Amino acid sequence: MCSTKKCSGCEKTYPKTTEFFHSNGTNRFRPNCKNCTNISLRNLRKEGKLKKRDRTEYCKKRYAENKPRIKKINRRTYLRRKLKKRIINDDEKAELELLVEELKNWK
Ligand SMILES: [Zn+2]
């Protein structure tokens, strides 16, 4: 007598054997058929880990490219604050004007 098992992935019913389901050696079988398990593993590999690494690389690259700009923006904010408080000197005033122009034209 051969019992069957319904796959919780594709919802098809297969004979409850190791031919269709992964088993850990005892009578317990994975809820998904081998086909679904393989597909989900492949997707995990493809989308999960791989993409995550790519995204990290991308972020690092973007950050490195933006770093000088972020520094300038922070400097501009700092100088603007000084300007508001009227504690800015002429050199810093000139620097601020330069920064404003530079950031305006930044692509
Ligand atoms: Zn399935």
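Is Lys5 buried, exposed or partly exposed, and how many C-beta neighbours does Lys5 have inside 10 Å? Lys5 counts as partly exposed because 17 C-beta neighbours lie inside 10 Å; by the definition used here, a residue is buried if 20 or more other C-beta atoms lie within 10 Å of its own, exposed if 12 or fewer, and partly exposed in between, with the C-beta atoms placed from the backbone.

This is a predicted model, in which local features need pLDDT of at least 70 and side-chain atom pairs count only at pLDDT 80 or more, while totals for chains, interfaces and linings use all residues. Residues are numbered from 1 along each chain as its sequence is written.

The protein has two helices and four strands, and from the N terminus on these elements follow the order β-β-β-β-α-α. Helices (H or I, at least four residues) and strands (E, at least two) are DSSP runs, numbered from the N terminus. Of the 107 residues in the protein, buried residues make up 3%. Among contacts in the protein with a separation of 6 or more, 28% come from residues 24 or more positions apart, where two residues are in contact if their C-beta atoms, placed from the backbone, lie within 7 Å.

Lys5 itself is found in strand β1. Leaving aside residues up to four places away in sequence, Lys5 touches Tyr14, Lys16, Phe21 and Phe29.

Helix α2 covers residues 90-104, and its 15 residues should span 21 Å at 1.5 Å a residue, which agrees with the 21 Å between its end C-alpha atoms; the expected span is 1.5 Å times one less than the number of residues. The helix is hardly covered, since the count of buried residues among its 15 residues is zero. Glu95 has its place in this helix α2 and is partly exposed because 15 other C-beta atoms lie within 10 Å. Glu95 and Arg75 are 20 residues apart in sequence, and their C-alpha atoms are 9.4 Å apart in space.

Glu11, a residue other than glycine, has a phi near 65 degrees, and Arg86, which is not a glycine either, has a phi of about 60 degrees. Glu11 is exposed, with 9 other C-beta atoms within 10 Å, and Arg86 counts as exposed because it has 6 C-beta neighbours inside 10 Å. The table gives the place of each.

| Residue | Loop between | Phi |
|---|---|---|
| Arg86 | α1 (34-84) and α2 | about 60 degrees |
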